[in-house]
Amino acid sequence: MKNGREMIVYYNGSYMQKDSVSISPDDRGFLFGDGTYEVIRVYNSRIFRMSDHLKRLKHSLHEIEIRSLDVAHLEHVGKTLIEKNPETAQDAVLYIQVTRGTAARSHLFPEHIEPTVYAALSGAPAGRTAIDNGLKIILLQDQRWGRCDIKSISLLANVLAAEEARKQDAYEAVFVRDSVITEGTRTNIAAVFDGTVETHPTGHRILGGITRDVVLELCHRENIPVREQAIAEARLYEADEIFLMGTTTEIGPVIRVNDREIGSGRPGPVTQRLQKSFRAVIAR
Ligand code: PDD
């Protein structure tokens, strides 16, 4: 894999070495976390579910009132980055970030401002085997704002929770709000009860994950019953199986919540079946 310095990235209309990007300290992403982003997988130099990610990006941009961006053009940007970074693109993550732009610091939207757009590939995350062997998660109070459907770059609550998980030797911290399970810092979560997959419904309290969408499609196709309904915190421990869903995690079996073992203490059959089907979708 190339190191960051040799990587060609996209920044405000141009392709350049990553080292050549210079972002103003007055960028509102830097000052306010005023922006949105997407993380997309690239398998075998092909972008996975790009149109779904762009649809979600459009939603985020609309909700935060950044209007003057040609979102469709980002597909071309992604493909160009793949061409320009062929080695990395074999198994990679495409990161896209849009901020409101650069202007003297003021909470109000500045007039005549152009969004800052950055996109780059990086090598796919390692650790597949550890994920497939089964993960520990911890539960934490959801300290985030009320619009988790917007993929905001303001991720402080997520960052602090992820770090707390690491301190407790857990892969992920999963949030609890009003005594129900919402989602993880960078994943959605589902649990299996008597063969039915249960997961929090979309809305303002979770990010509508693309991986979650793929999993629900697979359940539908394979006649696995699904209930999109919030799971009470106390009930989660009674699940037969639990799994995480996310672009970087894919489907990650959970075998431990805090210090309690889940189900058999090993990745469960429904989770493994979905992992297998998910792999087949990627291979296509
Ligand atoms: N995170 N929930 C949250 C809070 C997330 O940040 C993510 C993705 C997901 C899963 O969504 P998807 O399946 O579309 O990746 C759910 C990305 C990977 C990140 O921030 O790195």
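Asp 132 is partly exposed because its relative accessible area is 32%; the classes are buried under 20%, exposed over 50% and partly exposed in between, with a 1.4 Å probe and protein chains only. Salt bridges that share partners join Arg 41, Asp 91, Arg 128, Asp 132, Glu 250 and Arg 279 into one network. A salt bridge here is a side-chain nitrogen of Lys or Arg within 4 Å of a carboxyl oxygen of Asp or Glu. This is a predicted model, in which local features need pLDDT of at least 70 and side-chain atom pairs count only at pLDDT 80 or more, while totals for chains, interfaces and linings use all residues. Residues are numbered from 1 along each chain as its sequence is written, and side-chain values use heavy atoms, with hydrogens and water left out.

Helices (H or I, at least four residues) and strands (E, at least two) are DSSP runs, numbered from the N terminus. An α-helix has 3.6 residues a turn, so residues three or four places apart point the same way. Arg 128 counts as partly exposed because its relative accessibility is 25%.

The salt bridge count comes to 25. Side chains of opposite charge can pair when their charged atoms come close. Arg 28 pairs with Asp 34, with 2.8 Å between the closest N and O atoms. Both Arg 28 and Asp 34 are buried. Another salt bridge joins the side chains of Arg 147 and Glu 63, at 2.9 Å from N to O. Arg 147 lies in the loop between strand E7 (135-141) and helix H5 (156-167), and Glu 63 lies in helix H2 (residues 50-63), so this pair ties together parts that are 84 residues apart in sequence. Glu 63 counts as partly exposed because its relative accessibility is 31%.

Now the fold as a whole. The protein has eight helices and 16 strands. With 284 residues, a compact globule would have a radius of gyration near 19 Å, and the protein has 19 Å, which agrees. That radius is taken over C-alpha atoms, and the globule rule is 2.2 Å times the number of residues to the power 0.38. Along its principal axes the C-alpha trace spans about 55 × 40 × 35 Å. Of the 284 residues, 51% count as buried. The protein exposes about 13,900 Å², and carbon and sulfur atoms supply 49% of that area; accessible areas come from the Shrake-Rupley method with a 1.4 Å probe, and for residues only the protein chains shown count as cover.

Among contacts between residues at least 6 apart in sequence, 71% join residues at least 24 apart, where contact means heavy atoms within 4.5 Å. Val 39 has its place in strand E3 (residues 35-43), and counts as buried because its relative accessibility is 18%. Leaving aside neighbours within four places in sequence, Val 39 is in contact with His 53, Val 93, Leu 94, Tyr 95, Lys 151, Thr 247 and Thr 248.

Helix H8 (residues 269-283) has 15 residues and, at 1.5 Å a residue, should span 21 Å; its end C-alpha atoms are 21 Å apart, which agrees. The expected span is 1.5 Å times one less than the number of residues. The buried residues in H8 include Val 270, Leu 274, Phe 278, Val 281 and Ile 282.

On the surface, Leu 156, Val 159 and Leu 160 form a nonpolar patch with about 320 Å² of accessible area together. Patches are made of residues with over 30% relative accessible area and no salt bridge; like charges are joined within 9 Å, and nonpolar side chains (Val, Leu, Ile, Met, Phe, Trp, Tyr) within 5 Å. Leu 156 has its place in helix H5, and counts as exposed because its relative accessibility is 61%.

Two loop residues remain. Most residues other than glycine have a negative phi, and most peptide bonds are trans. Arg 49, in the loop between strand E4 (46-47) and H2, has a positive phi near 55°. Asp 169, in the loop between H5 and strand E8 (172-177), also has a positive phi, of about 55°. Arg 49 is partly exposed because its relative accessible area is 23%, whereas Asp 169 counts as exposed because its relative accessibility is 69%.
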